[in-house]
Amino acid sequence: MSAPDFASASVAVTGPVNAVQSNTASPMRAVLVVDDFPAVLAWAARSFLKAGWLVRVATDNDEAMVEWVAAREAGVPVTLLVTDLGLPGLDGAELLRRLREDDPSLPALVLHGGEAAPESWHGRLPDRTAFFEKPLHAAQLLATAEALVQTCDELLAQDGSHACDDDARSPVSG
């Protein structure tokens with residue numbers, strides 16, 4: 001299996017994009033993609049758009065918080081966070097912690113492309129979180145996203161609680 005070519009992403013992203021709408025009639029799922037590398041951000045956004053998700057993007061934690069609030073105010077709250085672990089300033093794990101203060105059931109995919117061993121980050125990542133090393137394939141990204149959101153939806157429907165439990169944790173190294 002060949003590695004994806006992030007540099008060939010055809011969507012130019014230079015900052016936050018307000019709610020890029022997909023062409024789907026199914027119930028809307030919204031993803032917030034946060035990465036400081038424009039090609040990865042564009043690739044992930046394009047992958048989710050093609051799969052029928054509403055997409056919001058940000059290049060750092062400050063933009064991510066603005067997009068989080070804008071999504072809530074627009075009535076389509078974020079149902080999944082996809083974030084780079086190595087963001088400038090506060091890292092992706094801290095961003096996830098802050099967003100889960102507002103929505104404890106938020107599932108997340110954390111991407112990492114740095115030099116540190118992936119195993120060293122697993123202890124820092126909360127439940128309902130999958131971990132992938134960059135590069136990864138869109139099929140991996142989308143299948144894991146759907147599985148995380150579906151698991152949390154099912155747990156919420158079963159017991160009506162606000163947060164998914166530890167069984168929804170899905171740490172994966174790709």
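**Note on the fold, cores and helix packing**

1. V57 is a buried residue, its relative accessible area being 3%, and strand β3 is the element that holds V57. Although V57 and V34 stand 23 residues apart along the chain, their C-alpha atoms are separated by 5.8 Å. The model in which these values were computed is a predicted one, and that should be kept in mind for every point below.

2. As to the overall architecture, the protein comprises five helices together with six strands, and, read from the N terminus, the order of these elements is β-β-α-β-α-β-α-β-α-β-α. Of the 174 residues in the protein, 45% are buried. Among contacts with a separation of 6 or more, 72% are accounted for by residues 24 or more positions apart.

3. Which residues have the most contacts inside the largest nonpolar core? They are F48, L80, V82 and L109, within a core that has 22 residues. Two or more residues are given to this core by each of the strands β2 (30–34), β3 (54–58), β4 (80–84), β5 (108–112) and β6 (129–133), and likewise by the helices α1 (38–50) and α5 (138–159).

4. Is T144 buried or exposed? The relative accessibility of T144 is 13%, and because buried means under 20%, T144 counts as buried.

5. Turning to helix packing, helix α2 (residues 61–73) and helix α3 (residues 92–102) pack with their axes 11 Å apart and at an angle of about 20 degrees. Because angles under 35 degrees count as roughly parallel, α2 is described as roughly parallel to α3. The crossing of these two helices, α2 and α3, is right-handed.

6. The contact between the two helices is made, on the side of α2, by N61, A64, M65, W68 and R72, and on the side of α3 by L95, L99 and D102. Divided by residue class, the contact of α2 with α3 has five nonpolar residues, one polar residue and two charged residues.

7. A70 also lies in helix α2, and with a relative accessibility of 25% A70 counts as partly exposed. The C-alpha atoms of A70 and R56 are separated by 9.5 Å, the two residues being 14 residues apart along the chain.

8. Finally, where is P104 placed? P104 is found in the loop between α3 and β5, where P104 is partly exposed, with a relative accessible area of 25%. Between the C-alpha atoms of P104 and R128, which are 24 residues apart along the chain, the separation is 9.7 Å.

Terms used:
Residues are numbered from 1 along each chain as its sequence is written. This is a predicted model: local features need pLDDT of at least 70, side-chain atom pairs count only at pLDDT 80 or more; totals for chains, interfaces and linings use all residues. Side-chain values use heavy atoms; hydrogens and water are left out. Axes are lines fitted to C-alpha atoms, for helices over the stretch in contact, and angles run from 0 to 180 degrees between N-to-C directions. Helices (H or I, at least four residues) and strands (E, at least two) are DSSP runs, numbered from the N terminus. Angles under 35 degrees count as roughly parallel, over 145 as roughly antiparallel, 65 to 115 as roughly perpendicular and the rest as oblique. A crossing is left-handed if the near helix is turned anticlockwise from the far one by less than a right angle, and right-handed if clockwise. Contact means heavy atoms within 4.5 Å. Ala, Val, Leu, Ile, Met, Phe, Trp, Tyr, Cys and Pro count as nonpolar, Asp, Glu, Lys and Arg as charged, and the others, Gly among them, as polar. A nonpolar core is a set of buried Ala, Val, Leu, Ile, Met, Phe, Trp, Tyr and Cys residues joined through side-chain atoms within 4.5 Å. Buried means under 20% relative accessible area, exposed over 50%, partly exposed in between (1.4 Å probe, protein chains only).
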